[in-house]
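Here are my notes on the model, point by point. Have a look at it first, then read on.

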Amino acid sequence: MSTPAVFKPAKLIQSHGFTNESLEWDAWLDVVEIDKATPAQIAVLEESHPKAKTSDYYLFLVHQAEILRQRSTAFNAIMYAPGGLSRAERELGATVVSRINGCVYCASVHAQRFEQLAKRADVIEQVFDEPRTAGTTAREKAISEFSVKITEKPAELAAADIDALKAQGLNDGEVLDLLHSDAIFAWANRLMLNLGEPIFPDTSA
């Protein structure tokens, strides 16, 4: 999860409980109070994300500051490293995995990131409706199908599934990038789903 600022989608998408609007997230357990954080915790928060010092997610994880540092280092390397799979396609994989795992918050964040990078959200609407058939191109469909399978049936993944990605033009490095993106969200979704809940905007006013 990482969105540096509130994002306003060109078109609001709401489907099957998922959305591309900006959500908040509340932790169910005590978070570190920023004015009581140690210098080491402050340092790790500042390394992690621009909003980390106001985010329940980071303020909870920083109870174990070194683990948060390792998590953020891995996340940033996987999602932002130059070269390889495009950043939008990494975000597509992350969104599909989050949709399958039922992580509304992560799906929202990474749907927004895809839209910011790709300047469109047509495939996101498809992912929210039915991730197993999502994709506006053969390449996107291959990425979605692979991300669904590695999430639902990881033990059944086979060489043929890698070949299906290569048939749509992904090289070895891009396949590895997709694997990393999908894998870190298998973990990230479980953190978000078991430590708190998404908060939707208050529309009652």
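1. Ser108, neighbours within four places in sequence aside, is in contact (heavy atoms within 4.5 Å) with Thr19, Asn20, Glu21, Ser22 and Leu23. Ser108 sits in helix H5 and is buried at a relative accessible area of 1% (buried means under 20%, with a 1.4 Å probe and protein chains only). Helices here are DSSP runs of H or I with at least four residues, and strands are E runs of at least two, numbered from the N terminus.

2. A word on the basis: this is a predicted model, with local features needing pLDDT of at least 70 and side-chain atom pairs counting only at pLDDT 80 or more, while totals for chains, interfaces and linings use all residues. Residues are numbered from 1 along each chain as its sequence is written, and side-chain values use heavy atoms, without hydrogens or water.

3. On helix H6 (residues 122-129), the buried residues are Val123, Ile124, Val127 and Phe128. They span an arc of only 140° around the axis, so they are on the same side of H6 (the arc is taken from the directions from the helix axis to the C-beta atoms). An α-helix has 3.6 residues a turn, so residues three or four places apart point the same way. The partners of these buried H6 residues are strand E1 (14-15), strand E2 (18-19), helix H4 (87-101), helix H5 (104-118) and H7.

4. H7 passes H9 in a right-handed crossing (the near helix is turned clockwise from the far one by less than a right angle). From H7, Arg139, Ile143, Phe146, Ser147 and Ile150 make the contact; from H9, Glu174, Leu178, Leu179 and Asp182 do.

Key: Buried means under 20% relative accessible area, exposed over 50%, partly exposed in between (1.4 Å probe, protein chains only).
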